[in-house]
Amino acid sequence: PSRGGGDMILTSLRTNQLSGAGMDWYARYLASFEACDVDTFLSFLAVDCVVQTNSRMPYYGHDGLRKTLQRYFEAFEVVHEPINIFGCDDQFGTEMLTHFRSRGGAEPILIPAVSFYTRTRSGLLNSIRHYVDDSPLSS
């Protein structure tokens, strides 16, 4: 399959409204996550970025997110499969399939997700909202 950034799967991408530079940035952002590289991933976020999943309490900034990312990356491998990307380079939403595999080698778990991103004038993310039913990951 056609892949971008890290192992990102691009064959299902139907709509992309980002510019070429915006898509390159997004592919590098996802590749840093797929590579489980905490420092590189955090370099895409403003130091005071707010990250929230569903109605859970948000994470605030690099310090609030670092340990959670480390635990997450120890538990899972992830590959992203964007389906639609709507918006512009500094504010956009994505619909994607997320392929999770536990580090224990279990069968992959495919989970649909929708995320919304806002970037600062300097290009760093200052707001990320994920909406996903991730309950299969804890079963």
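This is a short chat about a predicted model.

Visitor: What are the ground rules here?
Guide: The model is predicted: local features need pLDDT of at least 70, side-chain atom pairs count only at pLDDT 80 or more, and totals for chains, interfaces and linings use all residues. Residues are numbered from 1 along each chain as its sequence is written, and side-chain values use heavy atoms, with hydrogens and water left out.

Visitor: What pLDDT does the protein average?
Guide: The average is 91, and 95% of the residues score at least 70. pLDDT is the predictor's confidence in each residue, from 0 to 100.

Visitor: Where is pLDDT under 50?
Guide: Over residues 1-5. The model has 13 contacts beyond four places in sequence for that stretch. Contact means heavy atoms within 4.5 Å.

Visitor: Which residues touch the most other members of the largest nonpolar core?
Guide: Y26, Y29, F41, L45, L69, L125 and I128, out of 32 residues in that core. A nonpolar core is a set of buried Ala, Val, Leu, Ile, Met, Phe, Trp, Tyr and Cys residues joined through side-chain atoms within 4.5 Å. Buried means under 20% relative accessible area, exposed over 50%, partly exposed in between (1.4 Å probe, protein chains only).

Visitor: Which element gives the most to this core?
Guide: α1, with seven residues. Helices (H or I, at least four residues) and strands (E, at least two) are DSSP runs, numbered from the N terminus.

Visitor: What is Y29 in contact with?
Guide: F41, F44, L45, Y117, L125 and I128, leaving aside neighbours within four places in sequence.

Visitor: Switching to strands. How many bridges join β4 to β5?
Guide: 12, and the two strands run antiparallel. They form a hairpin with two residues between them. H80 stands opposite T98 in β5. Two strands pair if DSSP finds at least two bridges between them.

Visitor: And β1 with β4, parallel or antiparallel?
Guide: Parallel, with two bridges joining β1 (residues 15-16) to β4. N16 stands opposite I85 in β4.

Visitor: Is C49 buried or exposed?
Guide: C49 counts as buried because its relative accessibility is 2%.

Visitor: What about C88?
Guide: C88 is in no disulfide either. Its relative accessibility is 38%, so C88 counts as partly exposed.

Notes. Disulfide = S-S within 2.5 Å.
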